[in-house]
Amino acid sequence: MAPVGIRDVRKAFGLTEVIHGVSIDIDDGAFVVLVGPSGCGKSTLLRMIAGLEEITSGEISISGRVVNRVPPKERDIAMVFQNYALYPHMKVSENMSFSLRLAKVDADTIRRKVEEAAKILNLTDYLDRYPRQLSGGQRQRVAMGRAIVRDPQVFLFDEPLSNLDAKLRVQMRTEIKELHQRLKSTSIYVTHDQIEAMTMADHIVVMRDGIVEQIGAPLDLYDHPVNTFVAGFIGSPAMNFIDGRVDSVDGRPVVRVDEATVLPLPGSVSAQAGTAVTYGTRPEHLALTANGSGLDVEVSVVEPTGAETLVVTRIAGQELLASFKERHDLKPGQRIRLMPNLDTVHLFNVETGQRLPV
């Protein structure tokens with residue numbers, strides 16, 4: 001069993017605090033992704049779990065054992081880095097077995113572990129090659145193999161795919177997820193790419209400026225973001241935000257953007273009339289209508305991607321992005337009408353950014 005507990009952990013460099021009382025419970029065998037923009041503290045937190053950064057205050061435990069003052073090599077963790085960190089003068093088999101040889105593990109056990117890891121990672125035919133003779137994806141597999149042979153309690157991944165091209169990142173995402181499902185080891189994965197987080201995680205930890213904004217399953221965060229930061233960060237393309245005030249038209253609640261523009265709301269909302277709010281709707285939740293209903297918008301840019309068409313429009317001086325699976329023949333300057341799916345509309349407090357009940 002290898003649950004990881006993080007309790008009110010803080011990290012300061014001199015007088016500058018960069019991690020502000022983070023608390024996270026990670027279950028045994030879970031795949032948890034720490035996600036957020038650059039500088040949010042996710043890699044620093046991962047390095048504190050690994051023992052590569054000292055904890056200013058708080059407590060980190062692995063399998064119930066507090067490891068604050070335990071050296072990295074005694075924490076029974078394995079870390080996969082962004083830059084692979086392979087020894088160029090060693091063959092693949094030597095790179096994968098290096099930590100076992102340092103620990104003076106017997107040769108038969110080393111050979112067995114390396115062969116098992118190579119089979120899992122499809123590296124059997126490359127064990128006698130040097131890193132320079134491998135592709136980027138193969139080098140990343142070697143780095144993962146070096147971690148697997150140690151049979152650790154916890155795997156730590158620090159943006160391992162950021163150096164790979166887009167196609168290879170998609171392939172490696174699948175391979176890492178399959179590897180986790182096979183090994184069932186606790187895994188903590190750091191990335192700034194929310195697509196990686198959504199597709200790989202059991203639970204996502206969204207961070208900003210050294211604090212945790214929200215923790216939850218990927219679709220929970222997508223459907224029920226706690227604030228505008230999470231709503232804008234999770235989901236691609238990002239959620240649309242339009243500022244206005246709660247009002248009523250013919251007895252139905254709306255958000256009034258200006259005198260001529262109102263945005264529809266579900267039948268009842270908790271916010272009182274006159275409350276300044278941010279109206280949130282995702283691009284994929286906007287439907288093109290032709291019956292005179294919906295929002296009157298002007299097309300600015302059309303971006304076909306093949307699988308979908310992204311249409312940038314403007315309404316009351318604000319940008320509204322729509323995403324269509326269908327291939328509509330739209331042109332810049334054309335006026336169209338869009339209807340939000342009222343079951344998926346969000347309202348946020350303008351000042352705090354917190355989501356309001358709808």
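**Close-up views of a predicted model**

**View 1. The loop that holds Pro237.** In this predicted model, Pro237 lies in the loop that runs between helix H8 (228-233) and strand E11 (240-249). The peptide bond that joins Ser236 to Pro237 is cis, with an omega of about 0 degrees. As a point of comparison, most peptide bonds are trans.

**View 2. Gln194 and its contacts.** Gln194 belongs to helix H6, which covers residues 194-200. When its neighbours within four places in sequence are left aside, Gln194 is in contact with Val35, Phe233, Ile234, Gly235 and Ser236. One of these partners, Ser236, is also the residue joined to Pro237 by the cis peptide bond, which links this view to the previous one. Is Gln194 buried or exposed? Gln194 has a relative accessible area of 10%, and because this value is under 20%, the residue counts as buried.

**View 3. Helix H1 and the glycine that follows.** Helix H1, made up of residues 42-50, is mostly covered, since 7 of its 9 residues are buried. The buried residues of H1 are Lys42, Thr44, Leu45, Leu46, Met48, Ile49 and Ala50. After H1 comes Gly51, which has a positive phi, near 90 degrees.

**View 4. Asp76 in a loop between two strands.** Asp76 is found in the loop between strand E5 (65-66) and strand E6 (77-80). Its phi is near 55 degrees, which is a positive value in a residue other than glycine. Most residues other than glycine have a negative phi.

**View 5. Lys104 in a loop between two helices.** Lys104 has its place in the loop between helix H2 (92-102) and helix H3 (107-120). The phi of Lys104 is near 60 degrees, again a positive value in a residue other than glycine. Lys104 counts as exposed, because its relative accessibility is 73% and the cut-off for this class is over 50%.

View 6. An unreviewed UniProt entry places the feature "domain: ABC transporter" at residues 4-234.

Conventions: Residues numbered from 1 in each chain as written. Predicted model: local features only at pLDDT ≥ 70, side-chain atom pairs only at ≥ 80, totals over all residues. Heavy atoms only, no water. UniProt positions renumbered as here; feature names shortened; annotations may be inferred. Helix = DSSP H or I, 4+ residues; strand = E, 2+ residues; numbered from the N terminus. Buried < 20%, exposed > 50% of the residue type's maximum accessible area, 1.4 Å probe, protein only. Contact = heavy atoms within 4.5 Å.
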